[in-house]
Amino acid sequence: MTLGFALGFAAAALTLTAFVMKSMLPLRTAALASNVLFIAYGTVESLLPIVLLHGALLPLNAARLLEIRKLVRDIESAAADSSVAEWLLPHMARRNAPAGTILFSRGELAEEMFYVHQGKVRIAEYGDLLGPGTLIGEIGLFAPDRRRTQSVVCDSDCELFSLSQQGLYRLYYQNPKLGFHLIRLIVGRLMRDAATGRAGSPESIPA
C-alpha cells in the first residue's frame with residue numbers, strides 16, 4: 001500500500017464519519033482532519049484539484065470550528081443567574097426602530113426574538129414598559145402554533161438586536177445546552193407573571 005493510497009482512504013473515512021455525525025463540534029473536527037489528509041493525499045499523488053478544493057475548505061471548517069468552540073465556552077461559563085442575552089448577543093443582528101414601530105402583533109406568526117439594547121418597548125395589551133437588557137419574543141418561537149400572544153410596540157426610539165428562528169435553531173443544533181438556558185429564561189418569566197397574578201392569562205407572556 002502506497003502512502004498516497006493510505007492517505008486517500010483515511011481522508012475518505014473521516015469524510016464519511018463527518019457526514020454521519022449529529023453533533024456539530026465533532027463533525028467540524030472530523031471535517032477539518034479530512035481536509036488536512038486530502039491535501040496531503042493530493043500533494044503526494046499530484047492531484048491539483050483535490051489540493052485546491054480542500055485548501056479552500058480547510059480555513060472554512062477551521063473558522064466554523066472556532067465559532068462553535070466559542071459558543072460552547074460561553075454557554076458552559078455562564079453562571080446560573082447570568083442573562084441568556086450575554087452570550088446570545090454576538091449572534092444577533094442589530095437594528096434601529098423609531099418610536100411607534102410595531103415589533104410584532106398578537107396572532108401573527110413568530111419569526112424572530114428581540115433584545116432591547118437601548119430605549120423602551122411597550123406591551124400593548126397591558127401598557128407595561130420593558131427597558132434595556134430585556135429579551136422578548138422567544139416564547140412564541142417555541143409555542144405549538146408559533147403565534148404571538150400579544151403585541152409589542154417601541155415606546156421610544158430603540159436600538160434592538162434580533163435573532164431569527166432559523167438562527168436560533170442553528171445555534172441550538174451546534175450546542176443543545178442552549179435549550180436548557182432558554183427553558184430557564186422562560187420558566188423565570190412565567191414565575192414573575194405568577195408573582196404579579198397574571199400567570200393564568202396567556203397574553204401576559206411577552207411572546
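## Salt bridges, helices and cores

Let's start with a pair of side chains: Arg64 and Glu67 meet in a salt bridge, with N and O 3.6 Å apart. (A salt bridge here is a side-chain nitrogen of Lys or Arg within 4 Å of a carboxyl oxygen of Asp or Glu.) This is a predicted model, in which local features need pLDDT of at least 70 and side-chain atom pairs count only at pLDDT 80 or more, while totals for chains, interfaces and linings use all residues. Residues are numbered from 1 along each chain as its sequence is written, and side-chain values use heavy atoms, leaving out hydrogens and water.

**The salt bridges**

Both Arg64 and Glu67 sit in helix 3, three residues apart, about one turn of the helix. Helices (H or I, at least four residues) and strands (E, at least two) are DSSP runs, numbered from the N terminus. The structure holds five salt bridges, including these:

| Pair | N to O distance |
|---|---|
| Arg64 and Glu67 | 3.6 Å |
| Arg94 and Glu159 | 2.6 Å |
| Asp155 and Arg122 | 3.2 Å |

Arg94 belongs to strand 1 (residues 93–97) and Glu159 to strand 8, so this pair ties together parts that are 65 residues apart in sequence. Arg94 counts as exposed, at 51% relative accessibility, whereas Glu159 is buried at 12%.

**The chain as a whole**

The protein chain has seven helices and eight strands. Of its 207 residues, 41% are buried. Look at the contacts (heavy atoms within 4.5 Å) with a separation of 6 or more, and 71% of them join residues 24 or more positions apart.

Helix 2 covers residues 24–44, and its 21 residues reach 30 Å from first C-alpha to last, close to the 30 Å expected at 1.5 Å a residue. (That expected span is 1.5 Å times one less than the number of residues.) Among its buried residues are Met24, Leu27, Ala31 and Phe38. Leu37 also lies in helix 2, but Leu37 is partly exposed at 23%. Setting aside neighbours within four places in sequence, Leu37 is in contact with Leu7, Ala10, Ala11 and Leu14. In helix 1 (residues 3–20) you'll find Leu16, which counts as exposed at 58% relative accessibility.

Most residues other than glycine have a negative phi. Ser46 is in the loop between helix 2 and helix 3 (48–77), and counts as exposed at 64%. Arg146 has a positive phi as well, near 55°, and its place is the loop between helix 5 (138–142) and strand 7 (152–154).

**The nonpolar cores**

A nonpolar core is a set of buried Ala, Val, Leu, Ile, Met, Phe, Trp, Tyr and Cys residues joined through side-chain atoms within 4.5 Å. The largest one has 14 residues, and those touching the most other members include Leu88, Met113 and Leu168. Strand 3 (112–118), strand 8 (158–164), helix 6 (165–174) and helix 7 (177–195) each supply at least two residues of this core. Apart from it lies another core, of 13 residues, among them Leu103, Leu130, Cys158 and Leu160.

Conventions
Buried means under 20% relative accessible area, exposed over 50%, partly exposed in between (1.4 Å probe, protein chains only).
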